[in-house]
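Here is my note on the charged side chains. Please read it with the model open beside you.

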Amino acid sequence: MADLLVLEGIEKRFGGIHALKNVSLRIPENCIYGLIGPNGAGKTTLFNVITGLYEADSGLRMFRGKALPLTLKPHEILQRGIARTFQNIRLFNEMTALENIMVARHSKSKAGVLGAIFRTAGVRAEEQSIRERSEQLLEYVGMAGKGDRIARTLSYGDQRRLEIARALAAEPALLTLDEPAAGMNPTETADLAKLIQRIRTDRTNVLLIEHDVKLVMGLCDRVAVLDFGQVIAEGTPSEIQANPKVIEAYLGGGE
């Protein structure tokens with residue numbers, strides 16, 4: 001199976017804190033890949049390095065066989081096919097659900113400045129296409145008929161789904177989800193699992209951080225475990241569940 005994302009020897013320090021220590025991972029194509037570990041293990045720091053919010057101090061980052069220089073900014077990472085959601089929901093709260101997706105969909109727009117000013121026929125057609133695709137994405141994540149709702153008035157579960165739809169609007173090859181089930185009730189979590197499975201079936205790879213170990217073990221093809229900024233285990237869910245280091249550092253800790 002070909003590698004989608006490769007990390008080799010990733011290091012990240014914040015002053016005297018060694019947040020990531022020689023982190024190496026290989027995430028294959030056609031995969032839901034989980035990243036777990038205790039609080040403070042470095043999971044979100046690693047996500048931020050992958051998606052360009054943080055610049056690693058050293059190491060190698062490859063995506064689909066091509067180098068991703070450590071100096072790339074988040075929008076440049078997005079252009080190369082990696083999109084993300086955040087642990088703390090980041091929507092445009094005063095926009096409608098549909099407008100939130102349309103804003104993200106404009107990253108695929110081909111209209112230039114003059115076209116936007118003069119509202120050419122091509123620009124109008126593209127705007128209509130963006131609207132239609134955004135409506136399709138709302139339906140895809142289970143929010144059909146809610147496009148006119150102001151984002152801040154949506155339920156917590158719908159806000160999570162909307163953030164996923166917005167990330168999918170950029171047509172990523174890899175969707176990275178930072179604790180997507182946080183704050184969800186069991187029914188919402190079950191619906192989220194079905195959505196993530198559907199996303200992978202539709203040929204978008206998924207990398208997720210998640211504290212809900214049951215969700216990770218039931219959903220992911222492979223799982224990596226971080227502890228104190230280091231990868232202490234990597235393998236299938238059954239291998240991870242049986243790993244003594246994982247049981248000691250994470251699963252046995254009741255988290």
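1. Glutamate 188 is in contact (heavy atoms within 4.5 Å) with Gly157 and Gly183, leaving aside its neighbours within four places in sequence. Glutamate 188 is found in helix H7, residues 186-201. Helices are DSSP runs of H or I with at least four residues, strands are E runs of at least two, and both are numbered from the N terminus.

2. This is a predicted model: local features need pLDDT of at least 70, side-chain atom pairs count only at pLDDT 80 or more, and totals for chains, interfaces and linings use all residues. Residues are numbered from 1 along each chain as its sequence is written, and side-chain values use heavy atoms, without hydrogens and water.

3. Does glutamate 188 count as buried or exposed? Glutamate 188 is buried, yet has no salt bridge. Buried means under 20% relative accessible area, exposed over 50%, and partly exposed in between (1.4 Å probe, protein chains only). A salt bridge needs a side-chain nitrogen of Lys or Arg within 4 Å of a carboxyl oxygen of Asp or Glu. The nearest side chain of opposite charge, arginine 161, is 5.1 Å away.

4. By this rule there are 11 salt bridges. One of them joins arginine 26 and glutamate 8, at 3.1 Å from N to O. Arginine 26 is in strand E2 and glutamate 8 in strand E1, 18 residues apart. Arginine 26 counts as partly exposed because its relative accessibility is 44%. Glutamate 8 is partly exposed too, at 29%.

5. Arginine 222 and glutamate 234 also meet in a salt bridge, at 2.9 Å. Arginine 222 is in strand E9 and glutamate 234 in strand E10.

Key:
Lys and Arg count as positive and Asp and Glu as negative; His and the chain ends are not counted.
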